[in-house]
Amino acid sequence: MSIPRALSIAGSAARGGAGIQADLKTFQEMDVFGLSAITAIVANHPRTDQGVFPIAFDAIEAQVYTALRDIGADAIKTGMLFTEEIITNVAKWIKETDTPNIVVDPVMIGKMGSALLKDDAIEAVKTKLIPLATIITPNMPEAARLLETDQPLHSVDDLKQAAVELQKLGPKYVLVKGGRLEGPAVDVLFDGEKFHMLKAPRIDTIHTNGAGCSYSAAITAQLAKGKSVQEAVEEAKKFITAAIRHSITFKRGVGPTYHAAYQKYGETGVHITIE
């Protein structure tokens with residue numbers, strides 16, 4: 001038998017709700033064979049307060065090489081890459097592969113406050129990685145930072161304008177996530193001509209750790225299965241809405257989304273309009 005394959009190149013989150021852990025759980029829920037290449041470990045050291053532990057570059061290269069040589073990938077997602085060196089080389093590896101679907105989640109700041117991208121690496125994301133993307137999936141602060149603006153995004157119109165400007169960096173599609181808007185959770189997908197507005201009710205919870213990772217992983221999984229970008233984003237929006245609606249609380253901090261929720265409970269609260 002065969003099964004769609006997806007590779008995530010991202011950080012490992014020891015809390016289990018974000019990063020590689022979230023990606024692999026999402027791939028599994030969507031019946032996609034998940035592969036991983038870990039770029040760094042995100043965890044808080046009890047004595048030093050260090051929160052990010054980078055993986056040796058050779059180890060990252062070995063993971064990507066082995067995954068693509070032995071299994072292959074129908075889609076690749078990038079998440080936390082952390083340094084300019086890693087970004088530059090991941091872009092090089094993507095160019096060398098025949099994988100048709102590339103999802104770039106420009107991870108910069110974790111929900112627990114950790115800096116997940118060095119300042120000097122932002123330019124490499126913009127000039128080397130984003131132009132290779134089938135779709136990029138920034139949240140509102142990430143979109144503003146990529147556009148080098150001091151003005152935060154506040155409205156759906158701001159999201160639309162950001163999507164138009166971000167597409168000039170070279171990706172085929174841009175999804176700007178409006179999770180920090182007031183009112184309904186509206187995301188804007190721009191295909192170069194039309195805006196696809198994905199609206200879901202705002203769910204009253206702080207427990208959304210890993211929501212962005214899981215959302216982009218769901219898009220990656222659907223693209224690996226041969227769905228169009230629009231179909232992939234719509235299904236992923238339903239997946240993450242259900243995951244947030246049924247999010248989990250544990251001992252402390254922001255709890256994770258529940259990756260099994262969409263398969264268990266479904267989701268009817270997402271509505272799509274095209275402008």
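**Reading the cavity and the sheet**

Modeller: About 60 Å³ of space lies in the largest cavity. This is a predicted model, where local features need pLDDT of at least 70, side-chain atom pairs count only at pLDDT 80 or more, and totals for chains, interfaces and linings use all residues. Residues are numbered from 1 along each chain as its sequence is written, and side-chain values use heavy atoms, without hydrogens and water.

Biologist: What is a cavity here?

Modeller: Rolling a probe the size of a water molecule over the atoms shows where empty space is left. A cavity is a set of points, on a 1 Å grid over the protein atoms alone, where a 1.4 Å probe fits but cannot get out; lining residues have an atom within 4 Å of a point. Volume is the space filled by probe spheres set on the points, which are joined across faces, edges and corners. The structure has 1 cavity of 30 Å³ or more.

Biologist: Which residues lie nearest the centre of the largest cavity?

Modeller: Gly79, Leu81, Asp105, Pro106 and Val125, out of 13 lining residues.

Biologist: In what order do the strands of the sheet run?

Modeller: Strands of a sheet pair through backbone hydrogen bonds, either parallel or antiparallel. Strands are DSSP runs of E, at least two residues, numbered from the N terminus; two of them pair if DSSP finds at least two bridges between them. The open sheet of 10 strands reads β3-β2-β1-β4-β5-β6-β7-β8-β9-β10, with mixed pairing. β3 (52–54) and β10 (271–274) are at the edges with a single partner strand each, so one side of each has no neighbour in the sheet.

Biologist: How many bridges join β9 to β10?

Modeller: 4, and the two strands run antiparallel. Histidine 196 has isoleucine 274 in β10 as its bridge partner.

Conventions: 1 Å grid on protein atoms, 1.4 Å probe; cavity = no way out; pocket = protein on both sides within 12 Å on 5 of 7 lines; lining within 4 Å.
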